[in-house]
Each structure stands twice: as C-alpha cells, then as structure tokens.
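Biologist: I am new to this structure. Please show me how to read its features, one at a time.

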Amino acid sequence: MNSPAPNIRPVIRLLDEAAINRIAAGEVVERPASAVKELVENALDAGARRIAVDYAAGGKVLIRVTDDGCGMGPDDLPLAVARHATSKIDGSDLLNIRSFGFRGEALASLGSVGRLSITSRPRGEEGHRLVVEGGRMGAVAPCSAAPGTVIELRDLFYATPARLKFLRSDRSEASAIAEVVRRLAMAEPLVGFVVTEVVEGEPARVILRLDPENGDFFDALQRRLTRLLGADFTANALRVDVEREGLHLSGYAALPTYSRGTSVQQFLFVNGRPVQDRLLYGALRVAYFDVLSRDRHPAAVLNLSCDPERVDVNVHPAKSEVRFREPEAARSLIITGLRTVLAQGGTRASSTLGTATLQALRPEAPRVYQMDLGARPSFTTLARAYEAQAPAYPPPGFAEMPSARVEPVAEPSSAPLGAARAQVHENYIIAQTATGIVIVDQHAAHERLVYEKLKAQRDAAGIPTQALLIPEILELSSSDHARLMEAAEALASLGLVIEPFGGQAVAVREVPAILGQASAKALLADVIDELGEQGDAPSLKARMDAILSRMACHGSIRSGRQMRAEEMNALLREMEATPLSGQCNHGRPTYVELKLSDIERLFGRT
Amino acid sequence: MKLSIERAVLLKALAQAQSVVERRNTIPILANVLIEAEGATVAFRATDLDIEVLDRAPAMVERAGATTVSAVMLHEIVRKLPDGALVVLAADAAAGRLAITAGRSSFSLATLPREDFPVMASSEYATNFAAPAPVLRRLFDKAKFAISTEETRYYLNGVYMHVARGPEGTVLRCVATDGHRLAQIDAALPEGASAMPGVIVPRKTVGELRKLLEDDEAQIAVSVSETKVRFATPQVTLTSKVIDGTFPDYSRVIPQGNTRKLEVDAAEFAKAVDRVATVSSERSRAVKLTLEDDRLILSVNAPDSGAAEEELAVAYDADRLEIGFNAKYLLEIAGQVDRENAVFLFNGSGDPTLMREGNDMSATYVVMPMRV
C-alpha cells in the first residue's frame with residue numbers, strides 16, 4: 001500500500017455520479033448472469049409474455065433482452081437510466097413492493113459498467129432509443145421498433161477492467177445465464193423464454209426455448225417443470241397448494257423416493273422471486289426429515305406468496321435473501337404443508353422406480369417383431385387362459401421349492417396395493433393390482449409400519465423424562481445462551497429441560513428417558529448448532545426417532561421369513577392405511593409398482 | 001525356557017491373564033501373554049496398557065527363560081486339554097516357537113520376543129494397607145451397578161475409592177454414579193489407609209479385581225498412588241492406572257431432608273416391579289409408584305400394549321405420593337439389598353429419592369425419578 005506523505009492530509013470529496021454508479025454496480029452486477037437477471041426481471045415487471053435473451057461470449061460482449069411488455073415513452077428513457085429512478089414504486093411505501101425491481105439501480109448500474117442501449121416502444125406509440133456509455137447519457141432519438149423494449153448491453157465491464165479480470169470462462173458465464181433464466185422461468189410458466197447464443201453477430205444456437213404455457217396455473221407449471229427438470233420430476237412430484245394465515249405455498253414437491261444426492265433440485269421462490277434463504281431451505285429439509293436419510297436431499301419447486309408487506313426483500317442488493325415479518329409462520333407452513341402433502345401421497349412410490357426396473361429388465365437389442373395389436377386378446381382373457389393351464393395340484397417337484405409360493409386367496413385386487421399373489425425369495429411379496437403388479441420388500445415395509453406406530457404411541461403418551469442426579473453444566477457463548485434459553489420451552493416439551501445456571505452457563509436438568517445415558521453435552525451442542533442454522537432443533541427429535549427406528553428394525557418381520565397369504569394381505573392393507581409407508585426409514589422404497597403397460601412393453605407388446 | 005506344569009494350575013493362572021487381553025488389538029504384542037520361568041515359579045503377565053495382571057504358579061522349571069505367546073490361543077489349548085494332564089512348555093527362541101506338549105497332543109505357537117512386551121513402569125505407592133477380601137468385595141459389588149458407561153463423562157466410568165467422614169467416623173468409601181443414580185458404600189477404615197489419595201478405579205479394573213476377591217479368608221494388599229492402584233494376593237498382582245479426572249462432589253446430591261419413609265421387603269418389591277414392567281413396551285420402562293396409608297401401588301400404563309397394576313402391603317404413613325421411576329433402576333437398587341427390608345426416603349415426585357438397607361447407614365443409594 002502507498003501511504004500518503006505524512007504532512008499531506010487526504011481530502012474528503014464527494015464522488016461523481018459515474019463512480020457512485022460503478023460502486024453500486026459492483027453490488028448489483030457481479031457477473032453477466034446478474035445483469036441478465038436484472039433485465040429479465042424488468043421485462044417481467046413490464047408484463048411481458050415473451051422474453052428473448054441473446055448473449056455473446058458468455059455475456060461479456062453482448063447481452064440483449066427483448067420483451068413484448070408495456071415499453072417506455074421518450075420522456076421516460078433518460079429517467080430510466082438515472083439512479084434511483086423507477087416506475088415501480090413511488091418511494092412512499094418501501095414495505096409494499098409488488099414488483100421484482102424497486103431499487104431503481106439496475107439500468108443506472110448497467111449503464112455505468114457497459115455500453116447500454118435501450119430501444120422501447122409503447123403499444124400504439126413511436127419507438128425511441130437511448131444510448132448510455134460508461135455512465136454518460138446520449139440523446140433520445142426516434143427509431144423504428146417492435147412494441148416492447150429491447151435492452152442491449154455491450155462490452156460489459158469495459159469501464160471496470162478489474163471486474164472483467166475476475167470473470168470466469170465464457171462457457172461458465174454462459175451456463176450461469178441459462179441457469180438464471182431457468183430459475184426465473186420456473187416461477188413464470190405463463191411467460192415464454194428463449195435464450196440464444198450469438199456468435200459473430202449472428203444467432204448461432206438456441207440454448208433454451210420455453211414456450212408460454214396456457215391454462216390452469218398448476219397445469220402450466222407442471223408442463224414448464226417437465227421442460228426444465230425432466231418428466232421424471234413431474235411424474236414423481238406432488239402438487240403443493242396450501243394456504244394459511246395469508247401465506248400461500250404452491251408448486252411441486254418430489255416424493256421422498258425421488259431424492260437427490262445434493263440440493264441442486266431445490267428451487268424456492270418468494271412472490272415469484274428466486275431466493276437463497278437459509279430459513280426456507282432449512283424448513284424444506286425439516287419437512288422431509290423423517291422420510292429421508294441425512295445424506296439425501298429432497299427435490300422441490302415451491303413458491304411462497306404473501307402480502308408484500310409481510311416480507312422484506314430489501315435486504316440484499318441482488319434480492320436473493322428475504323426477511324419475513326413472521327418467519328415462524330412461513331417456516332411452519334412449509335413444514336406442515338409439505339408433510340401433509342407427503343402423507344397424502346404416502347402410498348405412492350416413485351414411478352421412476354418402475355421405469356428403472358423396466359430398464360434393468362429390458363433386453364439390450366431392440367425388438368424387431370411386433371404382435372398384431374388388433375388381434376390381441378384382452379388381459380383378463382389371457383389371465384383366464386393361464387389359470388386354465390395351471391395344474392390343479394402343484395407337481396411334486398415344485399412343492400419342494402420354498403420360494404415363490406402361490407397363494408390363491410380371494411382378496412379384492414381393487415385396493416391400491418392389490419392382492420398378494422406370492423412371496424418370492426422369502427422377502428418379496430408380489431401383489432396384483434387392478435392396473436399392474438406391486439413388488440413389496442416385506443422387511444422395509446414392516447419396519448416402516450412399526451416405526452410409524454411407535455411414533456404415534458409416543459406422540460399420544462408424551463415424552464417421559466429422566467431427571468438428572470448430577471445436572472450437566474455447560475458454559476456457552478452469550479449468543480448461544482440467549483438462543484437456547486429462548487427455545488427452552490420448546491425443548492422442554494420434547495423432554496429436554498434446561499435452566500440458566502448463572503452467567504452464560506446452563507444446567508441440563510432432565511433428558512428424554514428414551515435416550516438412556518446419552519451425553520447431554522453432545523446433544524445440546526447439536527441442538528445449539530441447529531437453532532443457529534434453522535431456528536429449530538430437529539436433532540433432539542431425530543435422536544429419539546433414531547432409537548424408535550432401531551427398535552422398529554428389531555421388532556419387524558425379517559427378510560427370510562415365510563409369510564402366509566393372510567399375513568401378506570394384512571401387511572398390504574396396513575401399508576395403504578399408514579401415511580408415508582412408501583419408503584423405509586432410510587428413504588429407500590418399500591415397494592415398486594409395475595404397470596401392466598410397463599410389463600407389456602417389456603415383452604414388446606406395445 | 002522349558003518347564004512343566006499341572007494343567008489345572010496353568011489354566012487358573014492363564015484364565016486371569018487372558019481376560020485382561022483385549023480381543024481386538026492393533027498392537028500384536030498386546031494379544032500375547034509374557035511367560036517368565038525362574039526358580040520354581042512361572043509368572044504370566046498380560047496387559048492392555050491400562051491394566052496389568054501378574055499371575056504366579058508353581059512349576060518344574062528345567063531351563064529358566066521368558067517368551068510371549070498369544071494369550072487367548074494358549075488359554076484355549078490348555079482349556080481343551082484333558083484334566084490332570086501334565087503340560088510341558090518349551091520355547092525355541094531361534095525358531096520363534098513355543099512348543100506345548102501334553103500326553104500325545106503337541107502344539108507349536110508363534111512367539112514374539114519378550115523385550116517387546118510392555119511392562120508397566122513400577123511406581124511409588126503413597127499408601128499401602130491390607131483389607132479382607134469380603135470387605136472389598138462388598139464395597140465394589142454394591143457400587144458397580146451405578147458406574148456410567150457414557151464415555152464423555154469419563155470420570156464417572158469407574159468407582160471412586162477414597163477416605164471419607166461417615167456418620168460414625170472415618171471410613172473407606174466407594175461411590176459410583178451415572179448421573180441418574182448413585183451408590184455410596186462405606187467400610188471400616190483399614191489400618192494404614194487414612195492418608196490414601198482418592199482414586200477412580202476404572203470399570204474394567206473393577207471387573208478384574210472381582211476375581212481376586214472370591215476367597216473369604218484372603219487378605220488383599222492394596223497400594224494406592226495418585227495415578228495407579230494395585231491389588232495383590234500372594235499369587236496374583238493386579239495393577240491398574242486410575243481414571244485421571246475429578247470425581248464430582250457427590251455429597252451435594254445426596255438428599256438430607258427426605259422425610260416420607262417407605263419400608264418394603266426388597267425381594268417382593270423387585271419381583272412386583274419386574275412383573276408390572278412387562279407390559280411396558282418402550283425402552284425406558286417407566287413404573288409409577290403410588291403411596292398412601294401403608295399401601296404401595298405399582299403401575300404401568302402403556303397406551304397401546306396395555307396396563308398393569310400390583311399392590312403391596314408396606315409401611316408408609318406420610319402424605320399420598322405419586323412418583324415415577326425407570327423400572328431397571330428400581331430393580332438394580334432393590335437388588336443390592338441382601339437381608340434387610342429396603343427403606344426408601346422420598347421428598348417430592350421430582351426430587352432425588354434415597355434408599356437404604358434397613359437401618360444400615362453404611363450403604364446409601366440415590367435414584368432420580370422419571371416424569372411420566
């Protein structure tokens with residue numbers, strides 16, 4: 001560092017407007033993708049139905065966003081690029097923000113770090129253009145234009161070479177741009193998006209094309225998500241539409257059996273705005289907590305909408321963080337809402353499982369011959385024909401085989417999990433349903449049933465606590481101490497009784513009896529960490545659940561036990577009646593369903 | 001080294017040694033027992049680096065010497081040899097083998113050099129005294145059920161042996177607690193023990209020590225320093241590190257003001273607790289005690305599996321009281337009562353409860369209730 005000469009006092013001066021805008025740009029625009037985000041959000045605020053994004057060289061050379069929104073008149077254009085100029089709020093009520101943008105910074109910032117050109121034509125008026133270079137505004141000139149607005153940003157960061165140096169490769173900047181558009185597109189299924197890469201001035205490659213979807217919002221969203229996340233996601237996602245106390249949670253949440261190894265398929269929005277909010281992501285994890293093992297992550301696209309007054313989006317320049325007026329309400333809506341939806345979808349295991357099974361079964365080479373579809377007998381005819389061929393008594397050789405016992409018990413196959421037909425390898429139950437067959441892992445299924453029963457028992461009976469003869473005293477940091485004491489009442493209801501013990505120490509007086517002699521200190525350390533991270537402590541319940549889960553494992557039907565038909569059917573009926581029975585305690589599926597059409601495909605009968 | 005020894009003598013000596021050896025070892029030599037032959041004795045030494053057992057037995061030593069060999073394997077071999085056999089142990093240092101022959105059976109085991117065997121450094125013991133085996137047996141037997149198995153509070157993973165002021169003067173006292181219950185057992189202070197530093201004897205040592213205390217007539221030589229404790233009979237010397245920690249001030253948690261007194265036949269009480277706890281399906285097995293006018297009602301109410309109730313005639317004349325306990329804890333402290341009735345002293349349903357054996361003040365048990 002160059003230190004100034006000792007006798008010359010540095011003079012304090014006001015920075016000029018261009019410098020101020022460049023500094024602000026540093027907050028709002030850190031890379032091309034953030035410029036795209038600002039511009040696309042502007043387009044959405046302008047009520048666009050179709051938005052096209054073109055970029056060249058990862059956005060460093062060109063970013064162009066074209067929309068068919070309301071457009072701006074010639075008088076508006078110079079104001080649009082001035083700082084803190086916006087049409088979106090009148091400044092009197094920063095708490096009531098209904099649009100994406102509101103800070104009035106985006107265009108001013110972009111104009112200060114690149115060559116910005118805005119061409120806009122409101123419907124039924126003339127088009128005009130304004131050019132801003134390195135913060136200096138040109139004159140507004142009339143020109144021809146389609147209705148809407150085209151914003152062109154060339155040579156981004158040419159005015160701030162330092163920033164330019166820190167950009168990544170063109171390819172990774174380009175993929176960031178696509179990602180930003182994908183995210184925004186998820187929340188706006190009714191708007192069409194096209195992302196095109198431009199090479200040497202010519203459109204070279206369409207990166208992403210999303211046509212505007214029509215009709216009911218959920219159907220539109222489902223089609224949009226199918227395009228963005230694949231058909232697998234939507235086939236395995238449950239529709240979420242819950243409302244409570246003015247908060248509305250909507251979107252799609254995947255079944256636990258469609259879990260992911262990382263959190264990449266978690267997309268959360270608040271009033272349509274993509275957010276990276278720890279509170280919300282934490283709540284999502286808690287909601288799936290009971291049905292997924294710790295190293296699996298749920299997949300979900302959820303939008304939390306509420307009165308803008310109840311959420312503060314003016315926390316972060318890029319608006320990726322929000323603050324709720326009642327964070328507890330938002331959190332509990334996500335948790336209980338998702339849990340309800342998951343419980344209702346309880347007897348629906350991931351259909352990808354069936355597909356995966358089929359793929360595993362399908363022969364390598366494609367089938368070349370086809371049956372005459374028209375002359376094909378119906379399934380029931382086939383079934384009857386098969387029954388007619390079956391021997392009346394099992395041949396002696398077969399009777400010796402312990403596996404694959406056929407159990408001809410009359411049971412309605414109209415139930416969702418059907419009627420048990422056989423047990424194979426003393427672990428798998430094959431059941432026939434109205435539309436296909438179901439293969440059940442008897443141990444996993446029964447383990448889940450016992451676990452749910454134990455939990456229900458515990459919830460009904462309350463949590464017995466063991467008082468400690470020698471209270472465990474822990475010294476905490478003052479923030480941990482305050483956080484813990486705030487949660488003391490909630491923890492006491494879970495059987496962990498703590499009291500302040502002078503200064504920043506707490507004394508653990510009682511622990512849940514089921515934990516036996518577990519270390520109260522380690523337990524509390526985990527609880528404090530989670531209170532800090534998520535404002536809640538699932539680990540306490542988790543530890544108790546883990547013990548129940550272990551008890552369930554010991555108390556359930558093992559693999560390798562022969563089951564009679566009555567037992568198998570009873571198990572199936574209980575699975576239907578038990579919420580969350582589609583996966584075992586570790587998130588593995590308890591059953592796989594193969595549709596008749598899937599089976600027919602296997603045999604090339606499609 | 002070459003010696004011959006009677007099978008029964010050898011088996012007894014090895015049994016003690018091999019139980020100290022940890023089954024899973026990362027240091028191979030720790031799986032071995034050190035055999036040293038000299039004069040008319042053979043000594044077996046085994047260690048897990050915290051505990052060392054030295055066991056001496058008479059033998060006919062032909063050639064003095066020493067070697068080490070797998071403790072578990074040697075013990076297994078000797079155990080399976082026919083009773084009354086004469087066992088010959090002959091070490092061949094050059095080949096690294098120990099030959100074991102008995103009658104027509106012969107074995108050859110790989111050895112490791114004796115120099116590698118970690119012998120526990122001898123240390124100065126501040127206090128030496130002798131105590132009769134039954135006294136030590138009572139002190140440790142009655143306390144050990146309360147030893148904690150939880151590793152984070154390592155200072156509770158043993159029995160705290162120290163000199164304390166009891167109700168009738170200075171005593172030798174053993175205390176163990178796991179934070180849920182506590183046992184405090186006193187015995188008359190043996191001569192020469194008054195300056196003994198308090199030590200926490202680890203759980204494994206307590207288990208090994210127990211094997212030295214079977215003989216009612218034996219006098220056990222006890223040596224204590226700040227870091228080690230040694231218990232010795234003429235044949236066996238057990239040396240152990242003590243737990244390096246501070247035992248909590250247990251006297252504060254022993255309630256003094258409990259006035260509601262219940263007297264009950266300990267065996268009847270334990271059987272009744274066991275019976276009603278059968279219907280409890282959960283792990284903590286909570287049992288509720290309801291006390292009123294010389295009646296004790298034990299009950300368990302498990303919402304799903306059912307309920308159980310048993311009434312016992314007892315001596316109780318204080319106010320009505322309802323209090324819950326972990327059935328296992330009740331069974332274990334009731335199991336400590338040998339001859340007399342169990343006398344419980346309660347305060348409130350959330351307070352520690354005291355138990356004594358009749359009027360005997362030398363054994364005190366405390367158990368914390370459960371909130372059900």
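Modeller: Start with a pair of strands. β13(B) and strand β26 (residues 360-367) of chain B pair in the antiparallel sense over five bridges. Helices (H or I, at least four residues) and strands (E, at least two) are DSSP runs, numbered from the N terminus. Two strands pair if DSSP finds at least two bridges between them. This is a predicted model: local features need pLDDT of at least 70, side-chain atom pairs count only at pLDDT 80 or more, and totals for chains, interfaces and linings use all residues. Residues are numbered from 1 along each chain as its sequence is written, chains are lettered from A and ligands numbered from 1 in the order in which they are written, and side-chain values use heavy atoms, with hydrogens and water left out.

Biologist: Which residue is the bridge partner of Ala183(B) in β26(B)?

Modeller: Tyr365(B) is the partner of Ala183(B).

Biologist: What holds paired strands together in general?

Modeller: Strands of a sheet pair through backbone hydrogen bonds, either parallel or antiparallel. Here, nine strands of chain B form an open sheet, ordered β14-β11-β12-β13-β26-β25-β24-β18-β22, with antiparallel pairing. Its edge strands are β14 (199-202) and β22 (315-316) of chain B, each pairing on one side only.

Biologist: How many residues does each chain give to the contact between chain B and chain A?

Modeller: Contact means heavy atoms within 4.5 Å. Chain B gives 28 residues and chain A gives 23 residues. Buried area is the accessible area (1.4 Å probe) that two parts lose on being put together, summed over both. For chain B and chain A this is about 2200 Å², with 56% of it on carbon and sulfur atoms.

Biologist: How many salt bridges does the rule find across the interface of chain B and chain A?

Modeller: A salt bridge is a side-chain nitrogen of Lys or Arg within 4 Å of a carboxyl oxygen of Asp or Glu. The rule finds two across this interface. One of them joins Arg153(B) to Glu472(A), with the closest N and O atoms 3.3 Å apart.

Biologist: Which strand of chain A do two bridges join to β27(B)?

Modeller: Strand β21 (residues 465-475) of chain A, and the two run antiparallel. In β27(B), Arg371(B) is the bridge partner of Thr465(A).

Biologist: Does Thr67(B) count as buried or exposed?

Modeller: Buried means under 20% relative accessible area, exposed over 50%, partly exposed in between (1.4 Å probe, protein chains only). Thr67(B) counts as buried because its relative accessibility is 6%. Thr67(B) lies in strand β6 (residues 65-70) of chain B. Leaving aside neighbours within four places in sequence, Thr67(B) has contacts including Met1(B), Val33(B) and Leu112(B).
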